[in-house]
Amino acid sequence: ASDCEDRSVLFAWLVRELLGLDVIGLDYPGHIAAAVLFSKPVPGDKVAWNGKKYTVTDPTYINANSGMTMPEVSAHKPKVVAIQ
């Protein structure tokens, strides 16, 4: 269906497999996104998890840069979903 869950899972898999970076899922009310632990500082919104700061990366937020959270969910703290 290419909805937020599908895009986030594909994005997370690509980042882990091709770039070797750690990725977590972000579960907002009614929306799923991802966050990446970049090897260099990236400006923007972060999610702290297990002592590390992950940068929000939402593959369904069209024309957004890494570090931008969709305005519709920005008031909510996401539940972190570990990706193994």
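Which side chain does a polar contact of 2.7 Å join to that of Asp-58? Thr-60 is the partner, and the points below start from there.

1. **Ground rules.** Please keep in mind that this is a predicted model, in which local features need pLDDT of at least 70, side-chain atom pairs count only at pLDDT 80 or more, and totals for chains, interfaces and linings use all residues. Residues are numbered from 1 along each chain as its sequence is written, and side-chain values use heavy atoms, with hydrogens and water left out.

2. **Where Asp-58 sits.** Asp-58 lies in the loop between strand 4 (52–57) and strand 5 (79–82); helices (H or I, at least four residues) and strands (E, at least two) are DSSP runs, numbered from the N terminus. Asp-58 counts as buried because its relative accessible area is 10%, where buried means under 20%, exposed over 50% and partly exposed in between (1.4 Å probe, protein chains only).

3. **Partners of Asp-58.** Residues up to four places away in sequence aside, Asp-58 touches His-31, Ile-32, Ala-33, Ala-34 and Met-70, with contact meaning heavy atoms within 4.5 Å.

4. Five strands form an open sheet in the order 3-4-2-1-5, with antiparallel pairing; two strands pair if DSSP finds at least two bridges between them. Strand 3 (46–49) and strand 5 are the edge strands, each pairing on one side only. From one strand to the next, the twist averages 40 degrees.

5. **Strands 2 and 4, and the helix.** Strand 2 (residues 31–37) and strand 4 run antiparallel and are joined by 3 bridges, and Val-36 stands opposite Thr-55 in strand 4. Helix 1 (residues 4–19) packs on the sheet, where it touches strand 1 (22–28), strand 2 and strand 4, and its direction makes about 15 degrees with that of strand 2. Axes are lines fitted to C-alpha atoms, for helices over the stretch in contact, and angles run from 0 to 180 degrees between N-to-C directions.

6. **Thr-69.** The loop between strand 4 and strand 5 also holds Thr-69, which counts as buried because its relative accessibility is 15%. Its side chain makes a polar contact of 2.7 Å with the side chain of Asp-45. Neighbours within four places in sequence aside, Thr-69 is in contact with Tyr-28, Asp-45, Val-56, Tyr-61 and Ser-74.

Note on methods. A polar contact is a pair of N or O atoms within 3.5 Å; within protein, one must be able to donate a hydrogen and the other to accept it, and residues adjacent in sequence count only if both atoms are side-chain atoms.
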